[in-house]
Amino acid sequence: APVCRVPETAVGPWPAGPGYWAVFRHADVKQVLRDTGTFSSHLGATQIRDPDTEGDLAFVRAMMLNQDPPAHVRLRRIVAAAFTPRATRELETAIEARARALVEGVAGRGEADYVELAADLPIWTLAHILGVPEEDRRLLYDWSNRVIGYQDADHAGSSTADPGTLSPLGRAALAHRPATLVRPDGTPLNPRSPEALTDMYAYAHALADAPRPGSVMARMREGGLTGDEFETMFFLLAVAGNETLRNGIPGGLHLLLENPGQYEALRRRPELTDSAVEEVLRHWPPVLDIRRTAARDTELGGQRIRRGEKVVVYHASANRDERVFPDPDRFDITRTPNDHVSFGFGPHFCLGAHLARTQIRAMLRATLDRLPGLERAGEPVRLTSNFQNGLKYLPVRWRTDR
Ligand code: HEM
């Protein structure tokens, strides 16, 4: 059935929930994402599994991602100006140069874990946007791991930041962990913040104290956000553009290596890069699914959905709907049109889509252009997650004789 009921089973420490409606077709997925009055992001937030407590739910509901209009529109306007194509044009050149430098930095080695190699680019980009100093970039990586990798044991707890090398801002934030924290104005930091992330919020507040003029942090500081809105906005920006690309860029290379004919075509014809990026996103959606909650009784795909029930849309399925994509399982870098929903649809359409495309394009192009004879050097390892389509390890090798 295009819309069907899924019982929610117990996973790890979490008890079974009441189940949810799973939405698979392209048209239905768009319908759910478009109609925020019927399918709310705010009522139960956007993860399949509910937060553990009412307090945690209240906290995550302050996040822009988990708001409905008009509150959503207000929050989105505060940060959106920093993400327009015009605003990011200058950054694009820097992203391309960074991608080339990353690849050239390992070119003489002849082998690398491509997941580790590619992880730097989104972190570098976000650090630039948020105004995080060079020395503290590793913190962005750790926070993202803790938030997104929680279903995967060897991902969730890892910390790669060495306190000795952080900036004074970074050291101060970590020094507070996990004690109680106060804001610069002396009020206590949000007691509902997930404890593991108190250092992230402390860092965000410290950063906002002296933001780079015109930066996202400056906008957030001037935008009249409440404490919860500020912290969750930083959380959203620091994580949304990080893990998605850490999975999306290696996912793209993995698909190309699995399809040598397409790899070779793309290597020879750079003009195919834009359509290749869209096909990578369609075939390997980094965000597999997203949840809404019915705000009223409604009907979808012939099913009656009642107010309060969970509704989960599957980007991964919509992207392979044969009504929209001929021969949907075929990976085809020349596919046009390519109306995938990997960045969502409607009012919450990914704010970083343009930046994300730029980074995938830059990294794949640098890799194909500068690493001759590239091939897999072992089995890739997938991330255990029902939310992120992720790779933890993608060993590759290439020739160094040029
Ligand atoms: C929203 C995917 C990269 C920032 C979204 C949504 C999706 C998505 C599916 C919609 C969520 C919903 O409907 O509730 C992706 C993918 C990326 C990516 C697949 C990489 C390939 C980025 C980057 C940034 C970013 C680089 C920049 C910081 C955001 C923000 C939102 C969002 C702020 C919330 C928008 C809102 O609520 O109005 N993203 N994203 N994303 N994304 Fe991305």
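**A walk through the predicted model**

Ala45 sits in the loop between β3 (39-40) and α2. Helices here (H or I, at least four residues) and strands (E, at least two) are DSSP runs, numbered from the N terminus. The structure is a predicted model, in which local features need pLDDT of at least 70 and side-chain atom pairs count only at pLDDT 80 or more, while totals for chains, interfaces and linings use all residues. Residues are numbered from 1 along each chain as its sequence is written.

Ala45 has a phi near 65 degrees, a positive value in a residue other than glycine. A residue is called buried if 20 or more other C-beta atoms lie within 10 Å of its own, exposed if 12 or fewer, and partly exposed in between, with C-beta atoms placed from the backbone. Ala45 counts as buried because it has 23 C-beta neighbours inside 10 Å. Asp327 also has a positive phi in a residue other than glycine, near 50 degrees. The place of Asp327 is the loop between α15 and α16, and with 9 C-beta neighbours inside 10 Å it counts as exposed.

The loop between α15 (315-318) and α16 also holds Pro337. The peptide bond joining Thr336 and Pro337 is cis, with omega about -5 degrees. Another cis bond runs from Pro69 to Pro70, where omega is near 5 degrees. Pro70 belongs to the loop between α2 (54-60) and α3 (71-80).

For the protein as a whole, the secondary structure amounts to 16 helices and twelve strands. Of its 402 residues, 42% count as buried. Two residues are in contact if their C-beta atoms, placed from the backbone, lie within 7 Å. Among contacts with a separation of 6 or more, 69% are between residues 24 or more positions apart.

The strands come next. Strands of a sheet pair through backbone hydrogen bonds, either parallel or antiparallel. Two strands are taken as paired if DSSP finds at least two bridges between them.

Glu8 is placed in the loop between β1 and β2. It counts as partly exposed because it has 17 C-beta neighbours inside 10 Å. Apart from its neighbours within four places in sequence, Glu8 is in contact with Ala16, Gly17, Pro18, Gly19 and Tyr20. Glu8 and Arg74, which are 66 residues apart in sequence, are 34 Å apart in space, C-alpha to C-alpha.

An open sheet is formed by three strands in the order β4-β12-β9, with antiparallel pairing. Strands β4 (111-113) and β9 (375-376) are at its edges, each with a single partner strand, so one side of each has no neighbour in the sheet. Strand β4 is joined to β12 (residues 395-397) by three bridges, and Ala112 stands opposite Val396 in β12. Helix α5 (residues 114-130) lies across β4 and β12 and runs at about 70 degrees to β4. Axes are lines fitted to C-alpha atoms, for helices over the stretch in contact, and angles run from 0 to 180 degrees between N-to-C directions.

Two packed helices are described by the angle between their axes and the distance between the axes. The axes of α9 (residues 198-209) and α11 come within 10 Å and cross at roughly 105 degrees. The two helices are therefore roughly perpendicular to each other, a label for angles of 65 to 115 degrees; under 35 counts as roughly parallel, over 145 as roughly antiparallel and the rest as oblique. On the α9 side the contact is made by Met200, Tyr201 and Ala204, and on the α11 side by Glu231, Phe234, Phe235 and Ala238. These residues divide into six nonpolar, no polar and one charged. In this scheme Ala, Val, Leu, Ile, Met, Phe, Trp, Tyr, Cys and Pro are nonpolar, Asp, Glu, Lys and Arg are charged, and the others, Gly among them, are polar.

Helix α11 (227-240) returns at the ligand: α11, α12 (243-258) and α16 (353-370) each supply at least two residues of the shell around it. Of the 25 residues around the ligand, Gly241, Thr244, Gly344, Cys350 and Gly352 come nearest. A residue is near a molecule or strand if its C-beta atom, placed from the backbone, lies within 6 Å of it. The shell divides into 15 nonpolar, nine polar and one charged residue.
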